Amino acid sequence: MGAAMGSDSLSVTDNRTGKTYELPIEDGTVRAMDLRQIKVDEDEFGMLAYDPAFTNTASCRSSITYIDGAAGVLEHRGYSIEQLCERSSFLEVAYLLIFGELPTGPQLDRWVFDITHHTFVHEDLKHFFEGFRYDAHPMGMLLAGVGALSTFYPDAKQIDDEEERYMAAVRLIAKVPTLAAFSYRHNMGLPYVYPDNDLSFAENFLAMMFKKTEMQYRPDSRLAKALDVLFILHADHEQNCSTSAVRGVGSSGVDPYSAVAAGVAALYGPLHGGANEAVLRMLRRIESPDNIPDFLARVKDREEKLMGFGHRVYKNYDPRARIIQQHMDEVFEATEYNPLVEIARELEKRALDDEYFTSRKLYPNVDFYSGIIYEALEIPTNMFTVIFAIPRTAGWIAQWMELQEDPETKIARPRQIYTGEREREYVALADRDGPEKIGGPPAKRPKRPRRGA
Ligand code: ACO
């Protein structure tokens, strides 16, 4: 007998045995562990769910970020991204993500004070950065720097201590911009610039990037505002690749600096943090608005991809792309004219007028315009992902804290479907036979070109 219609359960019939199981449905999900009871023989392990890349598996309960991809909605702790970008600063949003509520005036003052007064990194960390090659990728430097922070704050290992967690959150949000700017200055062969406590979070970052000989570097307020909005837009995006990495590594009980370093590593990958750079390359290749029809024809022939369009979750206009657009005019008023903007706007207009793209629900995503703004701020492309990591640190730490407080947290340990050999007879070295080579480096290794000194 099946369960009554309307009950919150899923009836599953195992056709191997004819047995039917009732799996409770909660929040639109079934527990994968409930599949374990499904077996042919009593001594079998039981059924597993197979879900490479976790495309249909909820790995946690979270109350931080809500996304409705079909409707193009993004909310943090219930507040829409539109309201947050219009009315909050990035540090206010970071507080909201971590503590669950918008701060009161005194709470915000204390939070901003604490972040502002933890922006310096230990001089030894500066020396550590000096050991990198002059052309080291800044994201590799940031990754190492965040990992190294754990050695400067060994007390952060006490992950059950609320005060230690708070200090780790403050230090990470405060110091990641310093490390990010140091990595850029190292690449440029410029002296590192120490933080300036009189500046806002975004202003201070721009000062650490671009200060030369002036007594105080004060960036154009329109640029600092645009950067602050970009920081808000990138602060969290629920269980994406890097956030899952932070949670997965954090589930081992490691300190939060090491867990966040795992997030930086995941973000380093081109499939995660690198699309805005690809958009710039595409716009440069298009060269002029006159070439857009040809380019779109090539996209439809599948010879090209319209970079910055489409999203795994958003099947509507990415709300973040719309907000960025609103700040573009101000940015370009304050900076030199960039002809790529015209190409981007025309490209967007034509694609949105075209049934090929609308029928596939392909709309601009956050990366369609973010690269152009970074370029206008004179930030080189190899820094784009580093800039992404600055605000995302707030999301990573919020998710890490939520993980610590979740009673269902266990060390993350997926299962596998084993496809290899079993129970082979061991063969002594002298008796082994087979092709000359299995695996290992190619017989003739191509010479790696040497770069620089
Ligand atoms: N240009 C042209 N066609 C596209 C694009 C695109 N950018 N994106 C998807 N399509 C087409 C696909 O070919 C497919 O067409 P078909 O049904 O005729 O075969 C259809 O649209 C559906 O696409 P999927 O591949 O199923 O979409 P999916 O959700 O798997 O991919 C992704 C999403 C990877 C983001 C994809 O849209 C893409 O590659 N976009 C360009 C890269 C980009 O901008 N990435 C940044 C994402 S934002 C972020 O990560 C912060």
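**Group meeting talk: a helix, a sheet and a pocket**

Hi everyone, let me start with helix α5, whose buried residues are P138, M139, G140, M141, L142, G145, V146, A148, L149 and S150. Buried here means under 20% relative accessible area, with exposed over 50% and partly exposed in between, using a 1.4 Å probe and protein chains only. Helices are DSSP runs of H or I with at least four residues, strands are runs of E with at least two, and both are numbered from the N terminus.

A quick word on the source: this is a predicted model, where local features need pLDDT of at least 70 and side-chain atom pairs count only at pLDDT 80 or more, while totals for chains, interfaces and linings use all residues. Residues are numbered from 1 along each chain as its sequence is written, and side-chain values use heavy atoms, with hydrogens and water left out.

Back to α5. It covers residues 138-152, 15 residues in all, and spans 21 Å from its first C-alpha to its last, close to the 21 Å expected at 1.5 Å a residue. That expected span is 1.5 Å times one less than the number of residues. And what covers the buried residues of α5? The cover includes α4 (123-130), α6 (162-188), α10 (256-268) and α18 (384-405).

Next, please find M208, which sits in helix α7, residues 201-210. Is M208 buried or exposed? It counts as buried because its relative accessibility is 0%. Contact, for us, means heavy atoms within 4.5 Å. Setting aside neighbours within four places in sequence, M208 is in contact with P177, T178, A181, R185, V193, Y194 and P195. Take P177 from that list: it is 31 residues away from M208 along the chain, yet their C-alpha atoms are separated by 8.6 Å.

T178 deserves a look of its own. It belongs to helix α6, and at 1% relative accessibility it counts as buried too. Not counting residues up to four places away in sequence, T178 touches T119, V121, P195 and M208.

Now over to the strands. Two strands pair if DSSP finds at least two bridges between them. Strand β1 (residues 9-14) and strand β2 (residues 19-26) run antiparallel, joined by six bridges, and T13 stands opposite T20 in β2. Their hairpin has four residues between the strands, and there G18 takes a positive phi near 80 degrees.

β2 also pairs with strand β3 (residues 29-30), again antiparallel, over two bridges. Across that pairing, E26 faces T29 and I25 faces V30. This hairpin has two residues between the strands, with D27 at a positive phi near 55 degrees.

Put together, that is an open sheet of three strands in the order β1-β2-β3, with antiparallel pairing. β1 and β3 stand at the edges with a single partner strand each, so one side of each is left without a neighbour in the sheet.

On a 1 Å grid over the protein atoms alone, a pocket is an open set of points with protein on both sides within 12 Å along at least five of seven lines, and lining residues have an atom within 4 Å of a point. There are 19 lining residues, and L223, T335, A376, L377 and E378 lie nearest the centre. Which helix gives the most to this lining? That is α7, with three residues.

Thanks, everyone!

Note on methods: On a 1 Å grid over the protein atoms alone, a cavity is a set of points where a 1.4 Å probe fits but cannot get out, and a pocket is an open set with protein on both sides within 12 Å along at least five of seven lines; lining residues have an atom within 4 Å of a point.
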